[in-house]
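Morning, everyone. Please bring up the sequence and the model, and keep both in view while I talk.

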Amino acid sequence: MELSITELMGADYRRLEKLWEECLDGARTFDLRRIRDRFNRFAQGWRRHIRVEEEILFPAYEARAPTGAARAAWVMRAEHREIEAMLERLTPLMTARDHSTIAVTLEGQPCCPTVLFQSHEAKEEDVVYPMMDGAFADDERSKLLEQARELLTAESG
Ligand SMILES: [Fe+2]
């Protein structure tokens, strides 16, 4: 069964959204183990997702697409740096032992983490991935998908 870039990367985003929802649920119920476990997997998953885009998909797309279209990848890279900074600022969740640290970490951010993650996902799923799917011939896309899938699953725990 052959997936598109939109389907493969979208499925990974659904997995990440579920981990984040469970992490927030852990915060609501003060389940420290759940917070740590889910946040750890969430942050690792996001970093891996970004690597797949920046090491495999974007370079191939930029080599193929006209300059104007390739600019989308440049904008997405800038957002990746914001997401990485947010993940870094959220790391106190890994060691938090009290309600106030959890609340300050989740609520004291310059922007809402959930909105930051979801707005990036929406831009890629609605615009960037479909453009990439359309830019490659079937055999090229299959090769990229194979590499992307390999990296997505190689380190997933
Ligand atoms: Fe991205």
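First, the ground rules. This is a predicted model, so local features need pLDDT of at least 70, side-chain atom pairs count only at pLDDT 80 or more, and totals for chains, interfaces and linings use all residues. Residues are numbered from 1 along each chain as its sequence is written, and side-chain values use heavy atoms, with hydrogens and water left out.

Let's start with helices. Helices here are DSSP runs of H or I with at least four residues, numbered from the N terminus. Two packed helices are described by the angle between their axes and the distance between the axes. Take α2, residues 32–64, and α5, residues 113–135. Their axes come within 12 Å and cross at roughly 35°. An axis is a line fitted to C-alpha atoms over the stretch in contact, and the angle, from 0 to 180 degrees, is taken between N-to-C directions. The crossing of α2 and α5 is left-handed. That term means the near helix is turned anticlockwise from the far one by less than a right angle.

Who meets whom? Contact means heavy atoms within 4.5 Å. On the α2 side, look for Phe42, Trp46, His49, Glu53, Leu57, Phe58, Tyr61 and Arg64. On the α5 side, the residues include Phe117, His120, Glu121, Glu124 and Val128. The residues of this contact divide into eleven nonpolar, two polar and four charged. For that count, Ala, Val, Leu, Ile, Met, Phe, Trp, Tyr, Cys and Pro are nonpolar, Asp, Glu, Lys and Arg are charged, and the others, Gly among them, are polar.

Now the rings. How many aromatic pairs does a search of the whole structure find? Seven. Rings of Phe, Tyr and Trp (its six-membered ring) pair if their centres lie within 6.5 Å; planes under 30 degrees apart are stacked, over 60 edge-to-face, and the rest tilted. Phe39 and Phe42 are one of these pairs, and a tilted one: 6.4 Å centre to centre, 40° between the planes. Both sit in α2, three residues apart, so about one helical turn separates them. Phe39 and Phe42 are both buried. Buried means under 20% relative accessible area, exposed over 50%, and partly exposed in between, using a 1.4 Å probe and protein chains only. Tyr13, Trp20, Phe39, Phe42, Trp46, Phe117 and Tyr129 form one aromatic cluster.

On to the core. In soluble globular proteins, nonpolar side chains tend to be buried together. A nonpolar core is a set of buried Ala, Val, Leu, Ile, Met, Phe, Trp, Tyr and Cys residues joined through side-chain atoms within 4.5 Å. The largest one here has 44 residues. Those with the most contacts inside it include Trp20, Phe39, Phe42, Trp46 and Phe117. Six helices, α1 (5–28), α2, α3 (67–89), α4 (99–107), α5 and α6 (138–154), each supply at least two residues. Helix α2 gives the most, with eleven.

Stay with Phe117 for a moment. Leaving aside neighbours within four places in sequence, Phe117 is in contact with Trp20, Phe42, Trp46, Ile83, Met86, Leu87 and Leu90.

That brings us to Leu90. Is Leu90 buried or exposed? Buried, because its relative accessibility is 0%. Leu90 lies in the loop between α3 and α4. Leu90 and Thr105 are 15 residues apart in sequence, yet 6.0 Å apart in space, C-alpha to C-alpha.

Arg89 is partly exposed, because its relative accessible area is 35%. Beyond its neighbours within four places in sequence, Arg89 is in contact with Thr105, Gln109 and Pro110.

Back to α2, where we find Val52. Val52 counts as buried, at 0% relative accessibility. Val52 and Leu144 are 92 residues apart in sequence and 9.8 Å apart in space, C-alpha to C-alpha.

Last one: Phe30, in the loop between α1 and α2. Phe30 counts as partly exposed, at 28% relative accessibility. Most residues other than glycine have a negative phi. Phe30 is not a glycine, but has a positive phi of about 50°.

That is my tour. Questions, please.
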